[in-house]
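Thank you for making time for this.

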Amino acid sequence: MSIAQNPQPSTSPGTDEVDIGKLFGILIDNRWMIIITTFIFAVVGIGYALLATPIYKADALIQIEAKSSGPSLGGDMAEMFGGGESSATTETEIIKSRMILGETVDKLNLTTIVSPEYLPVVGKGLARLMGEQHFINISRFTVADGRELGGYQIVVTNADKGEYQLNDSDGRKVLTGKVGELAQANGYQLFVTDLQATKDAEFSLAKISRIDAIQNLQQNLSVAEQGKQTGILQLSMTGENRADIKAIVDDISKNYFLQNVERNS
């Protein structure tokens, strides 16, 4: 009796080897697609690096002085087992309180939101590269009761003399003014202290409530202790305008220091 056996497939020793010549031929055949794709990604990367808006960071360090109240068994036990509340946590809440941040909002007029208008996507980057960045500083902007708080636009009518025009959301003229002078009409008041822009430059302008401005600061301000139980707090804030965020962090630090002195005294 014969038993049929299924023949096993034979394997040649060179089956798993990579054909370098074949791969090189594929690259040669698709060389233009590879070159074009690489060029496109290179242009996009360089363009983004040049046009992207830089983000700055301002920070400050505050040292919390520990208050000595004499030896305490309960305090020693709480510190030993980590059950005591850190003074840094308490001071962090004080720094981010409405009492501290509200003074900064009032002093720096953070209830007024103003920003230059550029072309979409690339306008801001192109203006920065060409050295034509526009800047405006407003110390007062009040709106009559019942009027809309947003959608206003400032148009520079004469850059040399610092003259401008305020329009509402419908494009209608509300008032005209000049840098360094209080402009008021139709229940509006606007005081522009500084203006650097070309003729026909436009700025968007809006008014927010004081509580909204404080909440914006609470969200954007970061307060963290440097290390564990070091008593040193770091205040930091990021933004596009380095002068603005520096002024905000400095003023918050000053307000906390003055509040702390008054509280201790």
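Let me begin with serine 236, which, once residues up to four places away in sequence are set aside, touches Lys57, Ala58, Asp59, Asn220, Leu221 and Ser222. Please keep in mind throughout that what you see is a predicted model. Serine 236 has its place in strand E11, and because its relative accessibility is 9%, below the 20% cut-off, it counts as buried.

The next residue along is methionine 237, and here I would again leave out the neighbours within four places in sequence. What remains in contact with methionine 237 is Tyr56, Lys57, Ala58, Leu217, Asn220, Leu221, Ile245, Ile248 and Val249.

That brings me to the nonpolar cores. Which residues have the most contacts inside the largest nonpolar core? They are Ile95, Leu217, Leu221, Leu235, Met237 and Ile252, in a core that has 24 residues. Two or more residues of this core come from each of strand E1, which covers 56–63, helix H4, which covers 87–95, H5, H7, strand E11, at 232–239, and helix H8, at 242–264. Of these, H8 gives the most, with five residues. Another core lies apart from this one and has 20 residues, including Val156, Leu166, Val174 and Leu195.

Now I would like to turn to how some of these helices are packed. In general, two packed helices are described by the angle between their axes and the distance between the axes. For helix H5, residues 98–108, and helix H7, residues 210–220, the axes come within 9 Å and cross at roughly 110°. H5 and H7 are therefore roughly perpendicular to each other, and H5 passes H7 in a right-handed crossing. On the H5 side the contact is made by Arg98, Leu101, Gly102, Glu103, Thr104, Val105 and Asp106, while H7 brings Arg210, Ile211, Ala213, Ile214, Leu217 and Gln218. Sorted by class, the contact of H5 with H7 has six nonpolar, three polar and four charged residues.

A second pair is H4 and H8, whose axes are 10 Å apart and which pack at an angle of about 115°; the crossing of H4 and H8 is right-handed. Glu91, Ile94 and Ile95 of H4 meet Ile252, Tyr256, Gln259 and Arg263 of H8 in this contact, and by class the contact of H4 with H8 has four nonpolar, one polar and two charged residues.

Let me also take you to glycine 177, which is found in strand E6, residues 173–178. Is glycine 177 buried or exposed? With a relative accessible area of 16%, glycine 177 is buried. Leaving aside neighbours within four places in sequence, glycine 177 is in contact with Gly162, Glu163, Tyr164 and Ala183. Its C-alpha atom is separated by 8.0 Å from that of leucine 190, a residue 13 residues away along the chain.

To finish, a view of the whole chain. The protein chain contains eight helices and eleven strands, and of its 265 residues 26% count as buried. How many of the contacts between residues at least 6 apart in sequence join residues at least 24 apart? The share in the protein chain is 66%.

Terms used. Residues are numbered from 1 along each chain as its sequence is written. This is a predicted model: local features need pLDDT of at least 70, side-chain atom pairs count only at pLDDT 80 or more; totals for chains, interfaces and linings use all residues. Side-chain values use heavy atoms; hydrogens and water are left out. Axes are lines fitted to C-alpha atoms, for helices over the stretch in contact, and angles run from 0 to 180 degrees between N-to-C directions. Helices (H or I, at least four residues) and strands (E, at least two) are DSSP runs, numbered from the N terminus. Angles under 35 degrees count as roughly parallel, over 145 as roughly antiparallel, 65 to 115 as roughly perpendicular and the rest as oblique. A crossing is left-handed if the near helix is turned anticlockwise from the far one by less than a right angle, and right-handed if clockwise. Contact means heavy atoms within 4.5 Å. Ala, Val, Leu, Ile, Met, Phe, Trp, Tyr, Cys and Pro count as nonpolar, Asp, Glu, Lys and Arg as charged, and the others, Gly among them, as polar. A nonpolar core is a set of buried Ala, Val, Leu, Ile, Met, Phe, Trp, Tyr and Cys residues joined through side-chain atoms within 4.5 Å. Buried means under 20% relative accessible area, exposed over 50%, partly exposed in between (1.4 Å probe, protein chains only).
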